Amino acid sequence: MSVSGLVYVTVGNHDQPFDRLIAEMDTLAQRHGFELVMQTGCSGYRPARGEARPFFPRERAEELVRAATAVVGHAGIGTVISARRHGTPLVICPRRRARGEHFNDHQAEICGELSREPRPGVAVAPEPGDIETPLMEFLRAGRRFEPATPGEGIRAALREFIAAP
Amino acid sequence: MSAPKNPKIALVCSDGGHLTEMMALLDVFGGSNRFFITYGGAMADDLRPAYFFDRFLKNPFKLAAVFARIFFIFLKERPDAVFSTGAELAIPAFFIGMLFGCRLAYLECSAQVRTPSLTGRVVYPITDLFMVQWEPLLEKYGPRAVWKGGLI
């Protein structure tokens, strides 16, 4: 079944590959027909569809997040902050140490927290096979979320810190 | 002694997520007199004025050189306070900062959900404002750690 929309995929600039995510997104794009642009990092997988580059310059990456109907990414802090700042729906999938995708399982821990206390517009896919359902929901709905820049508590504490005698 | 009207702040961060989090908080320091201590790299290009360092973790000679260079930076700049989002670059900056009587603030990276970072554990004893981004981490540090929410 074909669905329209642009999906931007990002795996960050970590120096280990995340081929499982790239391969799954390639498959989903072929199956559903959405437009696909992928930042593949150091993944060796060569996707059949869409535009794929190891890295995009920062401004272009921001533009892609802004313009995308949905973003699919590794569970990196930059990815979550960027998508939420633009109100773009996001599906995150953790890099796993056991798969050689990261040297620790912090991304899986973050995904655990974001599953327990979900943020608006952020869906968690524990494995690449779990991406399809929330992604298709986002694409069919085509809605954007309220742009958010969490961290007001931190900012307030820092302002107080700066001003303190 | 009361703080000067426009305190000078040293902003210290390594690269990757630490840099991303520092950049997400730059608006707080917009009006401040500030300078950066960071690693190099394309992502850090917008951080000005900045002192750029090479990675030094695995090399004790480099570490000594980093301490020395940061000492001279603080001697020249005389910041009133230091804020860091980690990682290990915060260690020499905080200890030298303490030497110069700076107030010290630290934000544990959002990647640390349940496990304290090495940097955090080293600087916790001397940090004035020690913030974690996930509540489970509070008890792992101690009573002076605070949780003001997270960046995600």
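**Briefing: a cysteine and some rings**

A:Cys111 is found in helix α4 of chain A, residues 106–116 (helices are DSSP runs of H or I, at least four residues, numbered from the N terminus). This is a predicted model, where local features need pLDDT of at least 70, side-chain atom pairs count only at pLDDT 80 or more, and totals for chains, interfaces and linings use all residues. Residues are numbered from 1 along each chain as its sequence is written, chains are lettered from A and ligands numbered from 1 in the order written, and side-chain values use heavy atoms, with hydrogens and water left out.

**Around A:Cys111**
- A:Cys111 is buried, at 4% relative accessible area (buried is under 20%, exposed over 50%, partly exposed in between, with a 1.4 Å probe and protein chains only).
- Skipping neighbours within four places in sequence, A:Cys111 is in contact with A:Ala75, A:Ile92, A:Pro94 and A:Val124 (contact means heavy atoms within 4.5 Å).
- A:His74 is 37 residues away from A:Cys111 in sequence, and their C-alphas are 9.9 Å apart.

**Aromatic pairs**
- Rings of Phe, Tyr and Trp (its six-membered ring) pair if their centres lie within 6.5 Å; planes under 30 degrees apart are stacked, over 60 edge-to-face, the rest tilted.
- That rule gives twelve aromatic pairs over all chains.
- One of them is B:Phe71 with B:Phe72, edge-to-face at 5.4 Å centre to centre and 85 degrees between planes.
- B:Phe71 is partly exposed at 28%, while B:Phe72 is exposed at 54%.
- Ring pairs also join B:Phe94, B:Tyr106, B:Tyr124, B:Phe130 and B:Tyr141 into a cluster.

**Charges over rings**
- The charged end of A:Arg143 sits over the A:Phe145 ring, 4.0 Å from its centre (NZ of Lys or CZ of Arg within 6 Å of the ring centre and within 35 degrees of the ring normal).
- B:Arg144 lies over the face of B:Tyr124, 4.9 Å from the ring centre.

Terms used:
Helix = DSSP H or I, 4+ residues; strand = E, 2+ residues; numbered from the N terminus.
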